[in-house]
Amino acid sequence: MKIFYSAVFIILNLIALGQNKALPNNYEFKAKVCDSIIDFNIKLSLSELSLKETNFLLFDPDIKINEVLSTDDSFKFHRSNDTLLFSCSQKISVLDITYSIPWNRNNSNQSDVSKNIVVPKNKNQIFFERFYRWYPVVYDCFSEYSLQIEVPTNYHVFSPQIEDSLSIANNYKTLWFSIYDEDLPFLICDTTLLHHVKRENNNVEYDFYFNENSKRFLKFKESEPIFTTDSELVDSILNNFMDRVPIVYEWYQKNLWQKEIEKINVIESLSENAGGVGLRSMMFLTSRLMNHDFCIPYKVSHEIAHIWIGANTMYHLRGRYFMGESITEYVNLLCYEDLYGKSKFDHLYNLDFADFYSDIQVKFEDVLNARKGSDGVVNPDIIIYSKGPMFLHEFRKSIGKKKFLKIVRETYSEHPKLVQLSDFEECIKKNDCWQEYLALYELTL
Ligand SMILES: [Zn+2]
């Protein structure tokens, strides 16, 4: 069955991406979490087409490679910034790469962990995805991943899908996964430090893993965060959050498209940094974001929206975040509007969007071209997360909410596919909204 699906995926990709684009690469990925290091071995089979297009892989510059073996004797590689460049005289079928990442889970001093890009933000949680360049990767390319991950038995491996199999021996557990995707996100976590709460709603299981920390963010007062340690208040913050996740999830199921997900894992980050990640059935959120939802209930639902929208949108290398983030955020606002009512939506929209950055004016092209990490005059996050939704709000006002959601559904629900701006525009044309879309180019917001 798997071979059949692989063949279908490859054909679909060829049709979707055109003859010159890369076929999926194949990764046989092994990771073992030990006391002081994480060992990796990757057997990477590059497709012939991806080899014609590229002779480099992106890979964190600080990770030292212990050994690279190749089926081609003339194979040579060197590192330059975050790229691993290679040359060879013949077609490579397999690269066998071994490396380790220092990590000391028994050492409380984080500065001892040598490199901050690849290591966990907290020593008891390791989050890896291609954006951190934990593994050599060609971006904007679907890959087939066969994974084997070994962790101490007190650790849990969270992934966007349930493992194929699992075995336990000598205080270690080994999990196997096979994933076909653009990305390989994983979270390895010491679950003894987390408090697990199980909920069920309409046949979906929600597993919440909360930080045991009793101090919770409550609100901002004159831009200063106010925390609480009151246990009743802490409980109500967490209950509020657990009540809301299924409601939001069901809104997306109903208004975007039906996804077959039986179980959702929501894991709280043990670090203080702000942010969150939502990928299929896995959500990883910081305390700040999770608690923020108590006073501003649209922060977390953005991450839930990512279960539907955002992945597979040529995210990183080409860095166009309109398709991955701006649309996600606006759909999130539509969810907020339905759950809390039009007047609350208007209030939020005016406060957090229209008024908040009213001194900054951008054109629609600026939104489409905004790249994260670029040093433009305006912070790209403002353009991506605030101005982008504002243009989409204008678009929705001219075509109506129903049609807007229909276009979003048609743009993103086709899988597997790297969703591009041209797909969005095709759907806009198909729905006779092209003139309204073009009008966005005339606006400055
Ligand atoms: Zn996002």
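I'll take a loop residue, then a core, then a helix pair.

First, the ground rules. This is a predicted model: local features need pLDDT of at least 70, side-chain atom pairs count only at pLDDT 80 or more, and totals for chains, interfaces and linings use all residues. Numbering starts from 1 along each chain as its sequence is written.

Start with Pro136. It sits in the loop between strand E8 (125–128) and strand E9 (143–152). Strands here are DSSP runs of at least two residues, helices (H or I) of at least four, numbered from the N terminus. Buried or exposed? Pro136 is buried, because it has 26 C-beta neighbours inside 10 Å; the cut-off is 20 or more other C-beta atoms within 10 Å, placed from the backbone. Beyond four places in sequence, Pro136 touches Ile42, Leu44, Leu57, Phe59, Leu84 and Ile97. Contact means C-beta atoms, placed from the backbone, within 7 Å. Phe56 is 80 residues away along the chain, yet its C-alpha lies 9.0 Å from that of Pro136.

Now the core. The largest nonpolar core has 99 residues. That is a set of buried Ala, Val, Leu, Ile, Met, Phe, Trp, Tyr and Cys residues joined through C-beta atoms within 7 Å. Among those touching the most other members are Leu187, Tyr252 and Val331. Helix H6 (residues 322–340) gives the most to this core, nine residues. Outside four places in sequence, Tyr252 contacts Ile304, Ala305, Ile307, Trp308 and Cys335.

Last, the helix pair. Ile407, Glu410 and Thr411 in H10 meet Asp423, Phe424, Cys427 and Ile428 in H11.

Note on methods: A residue is buried if 20 or more other C-beta atoms lie within 10 Å of its own, exposed if 12 or fewer, and partly exposed in between; C-beta atoms are placed from the backbone. Two residues are in contact if their C-beta atoms, placed from the backbone, lie within 7 Å.
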